[in-house]
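Please read it alongside the sequence and the structure.

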Amino acid sequence: MPLPEVIEIVPLQAPVSAAISVPGSKSITNRALILAALAEGPVRLRGALWSEDTQIMTAALRQLGLEIEVEPDEEETCNRTIRVHGLGGRIPVGGTTEKPLDLYVGNAGTAARFLAALVCLGRGVFRLHGTERMHERPQAALFAALRTLGYRIDSPNDRLPADIYGEGPHSASCHVKVSESSQFASALLLCAETGGWNVELAGESEEETPYVAMTRQLIATFPRKGGEFQIEVDASSASYFYAANWLLQPVAAISVAASPKSDWQIDAAFPRFWPLPAEISRLNDLGDSIMTAIAVAPFGGQPTRFRDLQRLRVQECERVAALKCELTKCGAMVLEEKDDLTVFPAKGTLHGAEIETYNDHRMAMCFAILGLKIKGIRIKNPSCVKKTFPNFFQKLGGHAPSGLGAVILDARTGRPLQADELFAD
């Protein structure tokens, strides 16, 4: 059965001790799928995330003619072992001017950007399109770089939908701005060796773009001749359970099983930011998990200023405005100044509200965690978590030690939901 249109999280009343398994990293999985497609032989990806975003990428690679086998993961329901038969950079299938090969990317920014670069290495015409929100998200800097490399991109407004004319590899140089999204640089770097491209970053130093650093580290260690690659758990997804542990002290002992061991994911630093400091930067300190920190900041001991949030404005929704609006609904005091949000302590004034998620998976998960502490938090469109974490609500509602044991209700009827009703598909 699908998740109801609105659910209510019942605050935990009893102590909880749990070790939560978290699915694989979306960022690493989608990068690894591109590198595996370009490898000179079969690559087996272990611990790969299996969610809407990675399924979109896998489906597109199959449309391009890549042979891909997907097997269940015994340890985590939302992971898979994915075997990609790399063809050394050859893209077997392409469309024509009259009938471009149609590739649907949903609202998956990584798929949209990475595939735009990849199909340039093919032969033929490829049409990328997605949801209405994906058609609003920026692409101009990436398209400009691909045109500099010599490829034709037809788009009336430098956004999706776009027709991309693949002409295969050829040596050329480009520079790309990463101010709106580091995915532009990552897309080019993932394909650079096969394409013969020299890619230079413009606008920020690499130290200010941790997701580009992740891409470079992944490229350096990936088995390009074929082999196996282990994908670590998603640090952004882990942040929800670290936040739950903080909120529920002193009666909680919640940990994340197999937490990230490398420094590839900027959000692996999340546990170091509690108690919340006076300032946290989206550029230098945390990535997407800064949203988790913002959501629980009303329980901090001092005001916290969350800085450099400009990229949040052009992601799955306008996240800066969304966070401010929904926290304010719950009685929090939030000050917006340019691209910064300051959240003030509000322990005694917070109350329940019906949370608009804007079809944004992270909005749903952030406020669900808040619901473990505040009575009356109702989440609209909870199924949007399928984008990166389809069994998130099963982790909240499952029995300890593999779940938190929370009661989750159908908000319209008040009926408690069973485990098989908490999966988002």
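1. A disulfide is taken here as a pair of cysteine sulfur atoms within 2.5 Å. By this rule the model, which is predicted, contains zero disulfides.

2. Local features need pLDDT of at least 70, side-chain atom pairs count only at pLDDT 80 or more, and totals for chains, interfaces and linings use all residues. Residues are numbered from 1 along each chain as its sequence is written, and side-chain values use heavy atoms, leaving out hydrogens and water.

3. Cys120 is buried (under 20% relative accessible area; exposed is over 50%, partly exposed in between; 1.4 Å probe, protein chains only), with a value of 0%. Cys191 is also buried, at 0% relative accessibility.

4. Four strands form an open sheet in the order 6-7-9-8, with mixed pairing. Strands are DSSP runs of E of at least two residues, numbered from the N terminus, and two of them pair if DSSP finds at least two bridges between them. Strand 6 (101–104) and strand 8 (152–154) stand at the edges; each has a single partner strand, so one side of each lacks a neighbour in the sheet. From one strand to the next, the twist averages 25 degrees, with axes fitted to C-alpha atoms and angles running from 0 to 180 degrees between N-to-C directions.

5. Strand 8 runs antiparallel to strand 9 (residues 162–167), and three bridges join them. Asp154 has Asp163 of strand 9 as its bridge partner.
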